[in-house]
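Biologist: I would like to go through the wording used for this model. Please set each label against its cut-off.

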Amino acid sequence: MDVQIHPSWQALLQTAFEHPSFQQLISFVRSEYQQNQCFPPGSQIFNAFDACPLDKVKVVLLGQDPYHGPGQAHGLSFSVPDGIPHPPSLINIFKELEKDLGVRYPQSGNLMPWAQQGVLLLNATLSVRAHQAGSHQKQGWEQFTDQVLQLLSNQKSGLVFLLWGGFAKKKQRLIDPQKHLILTSGHPSPLSANRGYWFGNRHFSQVNTYLRSHQKSEIQWEL
């Protein structure tokens, strides 16, 4: 399994790639993919970076773990490829999108158009064993993606970080609130959303208001 990532990220992340913990991580992931069914496909593990070059990043949407069902994960947080049924969290994301912006509910759950506009769809853990949620956690991925968040906070300004759910909210410590907008809410999963912690957060419109105020183009959220 070769590590492939958009050239724009290479210099920024070179230190992370060369760290002994990352080499151990790659060894673990390579072994897992050889011995078990894992997701996403190896070539798509770094899809979030390939789809959203560093110089285009305007929004960071942090997820926790790739989907662990067949055909679902393709390296973008919360996203599924065209033709794949929408998982429960994505359904609730789209419902909030409808309410917030008045756009129609999307047919496809593929969020690639968001990524191409500057939304870094980053999971904290970039791989998972089939049907075993969290199976690749605490192997080094979180250390790597924490570095990504910290580097983005330090080296850029005027980004929006979307942190949904308790796990993501803990990442606020890595982000400078003087330089960036941090939007938090409950997780869009049914457990959280049905208790009133998700719907009505209006994050999509808030993102665009902030981007406009910083002379950046809005995200066209409608898919």
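**Labels and their cut-offs**

Modeller: Let us start with Ile 91, which is found in helix α4. Helices here are DSSP runs (H or I, at least four residues), strands are E runs of at least two, and both are numbered from the N terminus. This is a predicted model: local features need pLDDT of at least 70, side-chain atom pairs count only at pLDDT 80 or more, and totals for chains, interfaces and linings use all residues. Residues are numbered from 1 along each chain as its sequence is written, and side-chain values use heavy atoms, leaving out hydrogens and water.

Biologist: Why does Ile 91 count as partly exposed?

Modeller: Buried means under 20% relative accessible area, exposed over 50%, and partly exposed in between (1.4 Å probe, protein chains only). Ile 91 has 27% relative accessibility, so it counts as partly exposed.

Biologist: What is Ile 91 in contact with, leaving aside neighbours within four places in sequence?

Modeller: Ile 91 is in contact with His 86 and Tyr 105, with those neighbours left aside. Contact means heavy atoms within 4.5 Å. The C-alpha atoms of Ile 91 and Tyr 105 are separated by 8.9 Å, and the two are 14 residues apart along the chain.

Biologist: Why does Ser 77 count as buried?

Modeller: Ser 77 lies in the loop between β2 (59-63) and α4. Its relative accessibility is 0%, so Ser 77 counts as buried. Not counting residues up to four places away in sequence, Ser 77 touches residues including Leu 61, Gly 63 and Leu 111. The Ser 77 side chain also reaches the backbone oxygen of Leu 61 at 3.1 Å.

Biologist: What makes α4 oblique to α9?

Modeller: Helix α4 (residues 88-101) and helix α9 (residues 203-213) pack at about 60°, with axes 8 Å apart. That angle makes α4 oblique to α9. Under 35 degrees is roughly parallel, over 145 roughly antiparallel, 65 to 115 roughly perpendicular, and the rest oblique. Axes are lines fitted to C-alpha atoms, for helices over the stretch in contact, with angles from 0 to 180 degrees between N-to-C directions. On the α4 side, Ile 93 and Leu 97 are among the contact residues; α9 brings His 203, Phe 204 and Ser 205.

Biologist: Why are α1 and α2 called roughly perpendicular?

Modeller: Helix α1 (residues 7-18) and helix α2 (residues 20-35) pack at about 75°, with axes 5 Å apart. The two are therefore roughly perpendicular to each other. Ala 16, Phe 17 and Glu 18 of α1 meet Pro 20, Phe 22 and Gln 23 of α2.

Terms used. A polar contact is a pair of N or O atoms within 3.5 Å; within protein, one must be able to donate a hydrogen and the other to accept it, and residues adjacent in sequence count only if both atoms are side-chain atoms.
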